[in-house]
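Here are my notes, point by point, for your next look at the model. I hope they are handy to have beside the viewer.

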Amino acid sequence: QVQLVESGGGSVQAGGSLRLSCAASGRSFSNYYMGWFRQAPGKEREFVAAISWSGGDTYYRESVKGRFTISGDNAKNTLYLQMNSLKPEDTAVYFCAADPELVSNSDFSAYDYWGRGTQVTVSS
């Protein structure tokens, strides 16, 4: 069993910053993708960023490049998402997820394990 727990969400003004964390526990994997997805009211879940756990390769959706940074601490089994220069359109529930079979880094259907999500609200 794998458990993912997000934290660090909150409400900020446009241009502000937040750092999200995702603590993983239980089963470990030799190599897998860990990613962040988000879902706003009335919209489908969308890919935000991902990291190849063993290789450290990172992937971002175009709209967050240069603003968001994904990273991980292997010793702590913790995933991070540093979000800077936040915009109102970043408002959503953010989920962390794990793909232990390296199926895809950006397709949400490929991820097998999900956290409950943490709310991020960016005000104008």
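1. The charged end of Arg-45 sits over the ring of Phe-95, 4.1 Å from its centre. A charge sits over a ring here if NZ of Lys or CZ of Arg is within 6 Å of the ring centre and within 35 degrees of the ring normal. Arg-19 does likewise with Tyr-80: its charged end is placed over that ring, 4.0 Å from the centre.

2. A word on what you are looking at: this is a predicted model, in which local features need pLDDT of at least 70 and side-chain atom pairs count only at pLDDT 80 or more, while totals for chains, interfaces and linings use all residues. Residues are numbered from 1 along each chain as its sequence is written, and side-chain values use heavy atoms, with hydrogens and water left out.

3. Back to Phe-95, which counts as buried at 10% relative accessibility. Buried means under 20% relative accessible area, exposed over 50%, and partly exposed in between (1.4 Å probe, protein chains only). Phe-95 also belongs to one aromatic cluster with Phe-37, Phe-47, Tyr-111 and Trp-114.

4. How many aromatic pairs does a search of the whole structure find? There are 7, where rings of Phe, Tyr and Trp (its six-membered ring) pair if their centres lie within 6.5 Å; planes under 30 degrees apart count as stacked, over 60 as edge-to-face and the rest as tilted. One of them is worth a click: the ring centres of Phe-95 and Trp-114 are 6.4 Å apart and the planes stand at 80°, so the pair is edge-to-face. It links distant parts of the chain, with Phe-95 in strand β9 (residues 92-99) and Trp-114 in strand β10 (residues 113-114), 19 residues apart. Strands (E, at least two residues) are DSSP runs, numbered from the N terminus. Trp-114, at 26% relative accessibility, counts as partly exposed.

5. Now for the sheet. Four strands make an open sheet in the order β1-β3-β8-β7, with antiparallel pairing; two strands pair if DSSP finds at least two bridges between them. β1 (2-7) and β7 (68-73) stand at the edges with a single partner strand each, so one side of each is left without a neighbour in the sheet. On average, neighbouring strands of this sheet are turned by 15° against each other, direction ignored. The axes behind that angle are lines fitted to C-alpha atoms, and angles run from 0 to 180 degrees between N-to-C directions.

6. Going through the sheet pair by pair, β1 and β3 (residues 18-26) are joined by 6 bridges, and Val-5 has Ala-23 in β3 as its bridge partner. β3 then pairs with β8 over 6 bridges in the antiparallel sense, with Arg-19 opposite Gln-82 in β8. Another 6 bridges join β7 to β8, where Thr-69 stands opposite Gln-82. In β8, 5 of the 6 residues are buried, so the strand is largely enclosed by the rest of the structure.

7. Two backbone angles deserve a look. Most residues other than glycine have a negative phi. In the hairpin of β7 and β8, with 4 residues between the strands, Asn-77 takes a positive phi near 50°; Asn-77 is partly exposed, with a relative accessible area of 31%. Ser-85, in the loop between β8 and β9, also has a positive phi, near 50°, and is partly exposed at 40% relative accessible area.

8. With β9, β11 runs antiparallel over 3 bridges, and Tyr-94 has Thr-118 as its bridge partner.

9. Finally, please check Arg-38 in strand β4 (residues 33-39), which counts as buried at 5% relative accessibility. Its side chain makes polar contacts with the side chains of Asp-90 (3.0 Å) and Tyr-94 (2.9 Å). A polar contact is a pair of N or O atoms within 3.5 Å; within protein, one must be able to donate a hydrogen and the other to accept it, and residues adjacent in sequence count only if both atoms are side-chain atoms.
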